[in-house]
Amino acid sequence: MAEQNIFEKWNKTIDTEGLRKDVKEASENKGGNYVEVPANDTYEVKLVKAEVRPTKTSGDPMATLQFKVQAGDYKGNSIFMNQVILQGFQIHIMDEFLASLDTGVEIEFVDYTQYNDLLMDIVEACEEQNLAFALEYGVNNKGYNTYKIVEIFED
């Protein structure tokens, strides 16, 4: 009986519908094998997920965005943008990027709960407006990944 209770707990606390969707995407993505999309190129992408979550090492708040490549050799693979948002300048970097998506969603940081909701609102706006982006994905001289929207498409 105790085992049944843990399953009920998991079913209530885990987004099982989202998990099923992730499994389906993994099966469509060459068996779920992760392929790293090379930097220093421009890719046509869609924003498919965005949230605030803790970093793996320190637990500090981090905005994470997942883009799905729409065309070319890396079609179906993901590019991830992660930005720690612990200090003002870090939030500003993320705000500037989010504004470049031109979704019409007002970009403002109030607190982390609100910012997480904001990120999800931006994903929803991208879906509703059927937006795709030309994402310039690179690496700066310090070895950090860079992300720049160079064009917006309405599919």
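The model is a predicted one, so local features need pLDDT of at least 70 and side-chain atom pairs count only at pLDDT 80 or more, while totals for chains, interfaces and linings use all residues. Residues are numbered from 1 along each chain as its sequence is written, and side-chain values use heavy atoms, with hydrogens and water left out.

Starting with the overall picture, the protein has four helices and five strands; helices (H or I, at least four residues) and strands (E, at least two) are DSSP runs, numbered from the N terminus. Read from the N terminus, the elements go α-α-β-β-β-α-α-β-β. A box of roughly 55 × 40 × 35 Å, taken along the principal axes, holds the C-alpha atoms. Of the 155 residues, 32% count as buried, where buried means under 20% relative accessible area, exposed over 50%, and partly exposed in between (1.4 Å probe, protein chains only).

Five strands make an open sheet in the order β3-β2-β1-β4-β5, with antiparallel pairing; two strands pair if DSSP finds at least two bridges between them. At the edges sit β3 (78-84) and β5 (145-154), each pairing on one side only. On average, and ignoring direction, neighbouring strands of this sheet are turned by 40° against each other. For such angles, axes are lines fitted to C-alpha atoms, for helices over the stretch in contact, and the values run from 0 to 180 degrees between N-to-C directions.

Nine bridges link β1 (residues 41-54) with β2 (residues 61-69) in the antiparallel sense. Along this pair, Lys46 has Lys68 of β2 as its bridge partner, and Glu51 stands opposite Thr64 in β2. The two strands form a hairpin with six residues between them, and Gly59 in the turn has a positive phi of about 80°. β2 is also joined to β3 by seven bridges, again antiparallel, and here Phe67 has Ile79 in β3 as its bridge partner. As for cover, nine of the nine residues of β2 are buried. Pro61, Ala63, Leu65, Phe67 and Val69 point one way from the strand, while Met62, Thr64, Gln66 and Lys68 point the other way, and all are buried.

Helix α3 (residues 88-100) lies across β2, β3, β4 (131-139) and β5, running at about 140° to β3. Helix α4 (residues 112-128) packs on the sheet too, touching β1, β2 and β4, and its direction makes about 150° with that of β1. Contact here means heavy atoms within 4.5 Å.

Finally, there is Ala39, found in the loop between α2 (16-28) and β1. Ala39 counts as partly exposed because its relative accessibility is 24%. Not counting residues up to four places away in sequence, Ala39 touches Tyr137, Gly138 and Val139. The C-alpha atoms of Ala39 and Ile79 are separated by 9.4 Å, with the two residues 40 apart along the chain.
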